[in-house]
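Student: I would like to learn how to read the sheets and helices of a model like this one. Could we go through them together, feature by feature?

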Amino acid sequence: MAETLAALRSLMASYSPTLDALVVPSEDYHQSEYVSARDKRREFVSGFTGSAGLALITKNEARLWTDGRYFLQATQQLSDQWKLMRIGEDPSVDAWMSDNLPREAAIGVDPWCVSVDTAQRWERAFAKRQQKLVQTSTNLVDEVWKNRPPSEINPVVVHPLEFSGRTVAVKLKDLRERLANEKARGIIITALDEVAWLYNIRGSDVSYCPVVHAFAIVTLNSAFLYVDKRKVSSKVSSSMQENGIEVREYGAVSSDVALLASNQLGQDTGVNSDGNGVCESETCEAEENYNDLVWVDPASCSYALFSKLDANKVLLQQSPLALAKALKMQEIYGASGYFLEGEGTSKRRPETMKLTEVTVSDKLEGFRASKEHFRGLSFSTISSVGPNAAIIHYSPEAETCAELDPDSIYLFDSGAQYLDGTTDITRTVHFGKPSAHEKACYTAVLKGHIALGNARFPNGTNGHALDILARIPLWRYGLDYRHGTGHGIGSYLNVHEGPHLISFRPQARNVPLQVSMTVTDEPGYYEDGSFGIRLENVLVIKEGDTKFNFGDKGYLSFEHITWAPYQIKLIDLSLLTPKEIEWMNTYHSKCCEILAPYMEKDEMDWLKKATEPVSA
């Protein structure tokens, strides 16, 4: 390791201009999170094998930045010549370089291994002390890495339509429509999984990732794949040709990006779109004059390729393929994902709407808005995935919200205002395979929810006395929640309405519960950084049907007026008593009966399956 650092410092000193520091990122030419053996340059220079990190070598120091997942590992793997910089605790790498390197320092980096976003952020940090980012003409690490693993010639394979779900022609057509809409005449695709998805190809160039080291460029009337041609069989070549895609050598992407910048790429190739384009040949030239931007994803495009473009004519925006590719999971969030523990197998055409905490919330609002007397939401919808669900009053924002994840719990708490009433409901679901711990926690919450909803109690009882009923099943595990268990609800008024409530808080003692009050039943459990669970129904207090009437007080009970199934997949039925199972089966039967008149056939099929009787 000492020899490696000495060799790199020698190259830094002889470089023109002399380099005060050298940055060695973890990423490859495609800004991949996971890279092939020959691209593990940061690991080679530092000895740290974690997947995330950045090495900085100065004339007399060596520092490595990594995140909390790897603090312990890095401490164990770094030699005493290296200093660990903890992301989130120590200064960021750009701030440290700006503050600690000399004024007008030259900081070298291989521009192929750093993204546009990152390079521009560093340049902004360097500006205040006139420091400069130097794009090295070669990778200095490669020059000192004597036993660097060779390039592997792994074959490219065509991914069958049976599994890809959409043809290359359809994908190219959709992509070109996006280009036209954004007034772009071309896009440079650098992320390995996006290239593989767009052209329906797979490979084995990166361990555990079925991708090919390749770039793609798509214009309004041409398409290119840049790959080591030794990997391309005649079958793959034919597939590319059928879809109007020209295969070029991997290294040709650099000169072709320069041609793309001057609008000369593809003009003499003779390759046409074969119907995959958005314009006919007679109008393509006019279209390309109108659409003058080149689309680049700043998070995945290397600074090397970006530097060959006219910065004033670049559309720096997330690749349109990122979302299109992710929509393969759409069907997981339908009936198959709701009922089965695993991924859905249906191959229905993907929806175009991105499934995030916000878009799902918006969809739910749309359903409500279509109903009679709708006047708006009754509160900001709590739509939360995984760790966000552990934040009791989480409110997603479009810019920062999470996407739905089939491996994570999804909690939604929502309600609306109607002229004839106010609603509030919470359900928690899982579209993949919940863990045994998640199921146990969900079941404990459900048991508390059932216990409170089934309570009978004398007149004069307040909500403070009942709150414990919802907590006892959780307390048995040493679990609890930090909010009240129930609140009153107005009628086209406030969703939180007093003066009564069901809670451990002292004010819950102030007012006894009475016939015709509405109140919610919403126990929960929240595990910070992992998941959250809450189940909420609206109840109406009514006279209780009891065999006796001790003290002539009269007894009260609750009637559920919220009808939505609980997700059986999240329940550990072995933890329910026969009475609890009987109650749930009765509740589900009534759900089916009450909701059936409002269901279309496919919805009714779902409802019948969701409300099937169960047994322990």
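Student: Which strands does helix H1 lie across, and at about what angle does it run to E2?

Tutor: Some ground rules come before the answer: this is a predicted model, in which local features need pLDDT of at least 70, side-chain atom pairs count only at pLDDT 80 or more, and totals for chains, interfaces and linings use all residues. Residues are numbered from 1 along each chain as its sequence is written, and side-chain values use heavy atoms, with hydrogens and water left out. Helices (H or I, at least four residues) and strands (E, at least two) are DSSP runs numbered from the N terminus; contact means heavy atoms within 4.5 Å; axes are lines fitted to C-alpha atoms, for helices over the stretch in contact, with angles from 0 to 180 degrees between N-to-C directions. Here helix H1 (residues 2-14) lies across strand E1 (21-25), strand E2 (54-58) and E3, and runs at about 65° to E2. Helix H4 (residues 93-100) also packs on the sheet, touching E1, E2, E3, E4 and strand E5 (106-109), while its direction makes about 10° with that of E2.

Student: In what order do the strands of that open sheet come, and which are the edge strands?

Tutor: Strands of a sheet pair through backbone hydrogen bonds, either parallel or antiparallel. Two strands count as paired if DSSP finds at least two bridges between them. The six strands follow the order E4-E3-E2-E1-E5-E6 with mixed pairing, and the edges are strand E4 (83-86) and strand E6 (132-135), each pairing on one side only. Neighbouring strands are turned by 25° against each other on average, direction ignored.

Student: How many bridges join E5 and E6, and how does the chain cross from E5 to E6?

Tutor: E5 and E6 pair in the parallel sense over four bridges, with Gly108 standing opposite Val134 in E6. A crossover is right-handed if, with the strands pointing away from the viewer, the path from the first strand over the helix to the second runs clockwise. From E5 the chain passes through helix H5 (residues 116-127) to E6, in a β-α-β crossover that is right-handed.

Student: What is the strand order in the open sheet that contains E12 and E14?

Tutor: That sheet of six strands reads E12-E11-E10-E8-E13-E14, again with mixed pairing. Strand E12 (245-248) and strand E14 (314-316) stand at its edges with a single partner strand each, so one side of each has no neighbour in the sheet. Strand E8 (residues 184-189) runs parallel to strand E13 (residues 293-296), joined by four bridges, and Ile187 has Trp295 as its bridge partner in E13.
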